[in-house]
Amino acid sequence: MSARQRESVERTPASDSRMTFTEFMRRFPTNDACLDYLKEKHFPNGTPCPKCAKPSRFHRIKGRSAYSCQYCAHHVYPTAGTIFHKSTTSLQLWFWAIYLISSSKCGISAKQLGREVGVTYKTAHRMLKQIRTLLAEDIGPLSGDVELDETFVGGKPRASHTRGITRSELAKHSLAKKTIVFAAAERNGRVRASVVPRRDKVNLIAKSREFVLPESMIFTDEWPPYEQVAPYFKGHRRVKHKQRIYVQADAGTQNLESFFALFKNSVRGAHHNVSAKYLQNYLDEYTYRWNRRKDDRSIFWSILDRVERDRLAAT
Ligand SMILES: [Zn+2]
């Protein structure tokens, strides 16, 4: 491809919802551009000043990350109440991290992020964790036909821990180290997912009732505790996995099966292993992506919207 051809390459329609790196750099070339963006979102012209209450224009104060009211010179800080506040990492690096997270298909590891953005592993880890807190959302209870299922994630024991133990001991050991994830999925719709300590009736009833409206029809496999979950819902249909009848008319749990399969793949691919402690945080990110898979709005802008939403919630 010649240089001229390269320059004239047009974006395909499929990538419209994703921001290119060039677009990112054009929009946010400096820290100031990022700060101005936050200011425009939170203190657009005509916003009543928090002090004198007059609809004001806020002007940038040179050398500070603050803006000043045109009437009373009261200072406002666009990063106050956001994940960027009091961070020693520059605002542009934060925006870049959000860009990288939103443009990767199945997430990014702290190691990768650190390398790309040029911060230590520890800083990258903290940034990822904080950005993921923005992705946790309460989408409200699911309804209609809803699949319920659980799965075991992670926890491969190290070779040094398993030397000389029998296969059945190993099975017990590796199962004990795995984390249980429970999820509910509307047919072709939204998913909610949570780490649960055990897949017993107490936990399954509690999470099902939290995630799903009572007037829904639930679809599960033959795990016995679901018999106790069923009375809380309009109806219950089971798939007989043991008999290999996966799709008994419309009673399958295949939506969740593909959700779990992709989730595990992405944990393995981008993260190698996620400790139980951070799995919920990562699950929130993954669910967020999944629930937006048919959404045209770029995840990058959605995450920045969240910065604003969480600030409003905090004040
Ligand atoms: Zn004022």
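Trainee: Which residues have the most contacts inside the largest nonpolar core, and how many residues does that core have?
Mentor: In this predicted model, the largest nonpolar core has 30 residues. Trp94, Phe95, Ala97, Ile98 and Ile131 have the most contacts inside it.

Trainee: Which elements give two or more residues to this core?
Mentor: Those are helix H3 (31-42), helix H4 (91-103), helix H5 (110-117), helix H6 (121-135) and helix H13 (299-314).

Trainee: And which gives the most?
Mentor: H4, with nine residues.

Trainee: What does Ile131 touch?
Mentor: Leaving out residues up to four places away in sequence, Ile131 touches Ile83, Ala97, Ile98, Ile101 and Ile303.

Trainee: What percentage of the residues count as buried?
Mentor: 29% of the 315 residues.

Trainee: And what share of the contacts comes from residues 24 or more positions apart?
Mentor: Among contacts with a separation of 6 or more, such residues account for 56%.

Trainee: On to sheets. What is the strand order in the open sheet of five strands?
Mentor: The order is E8-E7-E6-E9-E10, and the pairing is mixed. E8 and strand E10 (235-238) are the edge strands, each pairing on one side only. From one strand to the next, the twist averages 25 degrees.

Trainee: Which way do E6 and E7 run, parallel or antiparallel?
Mentor: Strand E6 (residues 145-153) and strand E7 (residues 179-186) run antiparallel and are joined by eight bridges. Val146 stands opposite Glu186 in E7.

Trainee: How many bridges do E7 and E8 pair over?
Mentor: Six, in the antiparallel sense, with E8 covering residues 191-196. The bridge partner of Val181 in E8 is Val195.

Trainee: What do E7 and E8 form, and which residue in the turn has a positive phi?
Mentor: E7 and E8 form a hairpin with four residues between them. Asn188 in the turn has the positive phi, of about 55 degrees.

Trainee: In what sense do E6 and E9 pair, parallel or antiparallel?
Mentor: E6 and E9 pair in the parallel sense over three bridges. Glu147 has Phe219 as its bridge partner in E9.

Trainee: Then how many bridges are there between E9 and E10?
Mentor: Strand E9 (residues 217-220) pairs with E10 over four bridges, in the parallel sense. Met217 stands opposite Gly235 in E10, and Thr220 has Arg238 as its bridge partner there.

Trainee: Which strands does H12 lie across?
Mentor: H12 lies across E6, E7 and E8, and runs at about 175 degrees to E8.

Trainee: At what angle do H6 and H12 pack?
Mentor: H6 and helix H12 (residues 276-291) pack at about 50 degrees, with their axes 8 Å apart. That angle makes H6 oblique to H12. The crossing of H6 past H12 is left-handed.

Trainee: Which residues make the contact?
Mentor: Lys129, Arg132 and Leu135 on the H6 side, and Asn281, Tyr282, Asp284, Glu285 and Tyr288 on the H12 side.

Trainee: What about the open sheet of three strands, what is its order?
Mentor: The order is E3-E4-E5, with antiparallel pairing. Strand E3 (58-60) and strand E5 (75-76) stand at the edges with a single partner strand each, so one side of each has no neighbour in the sheet.

Trainee: How many bridges join E3 to E4?
Mentor: Three bridges join E3 to strand E4 (residues 67-69). Phe58 stands opposite Cys69 in E4.

Trainee: Last topic, Pro29. Where is Pro29 found?
Mentor: Pro29 is in the loop between helix H2 (21-27) and H3.

Trainee: Does Pro29 count as buried or exposed?
Mentor: Exposed, because Pro29 has 11 C-beta neighbours inside 10 Å, and 12 or fewer counts as exposed.

Trainee: What separates the C-alpha atoms of Pro29 and Gln92?
Mentor: A distance of 7.9 Å, although Pro29 and Gln92 are 63 residues apart along the chain.

Technical notes: Residues numbered from 1 in each chain as written. Predicted model: local features only at pLDDT ≥ 70, side-chain atom pairs only at ≥ 80, totals over all residues. Pairing = 2+ DSSP bridges. Core = buried A, V, L, I, M, F, W, Y, C linked by C-beta atoms within 7 Å. Buried ≥ 20, exposed ≤ 12 C-beta atoms within 10 Å, placed from the backbone. Contact = placed C-beta atoms within 7 Å. Axes fitted to C-alpha atoms, helices over the stretch in contact; angles between N-to-C directions. Parallel < 35°, antiparallel > 145°, perpendicular 65-115°, else oblique. Left-handed = near helix turned anticlockwise from the far one by under 90°.
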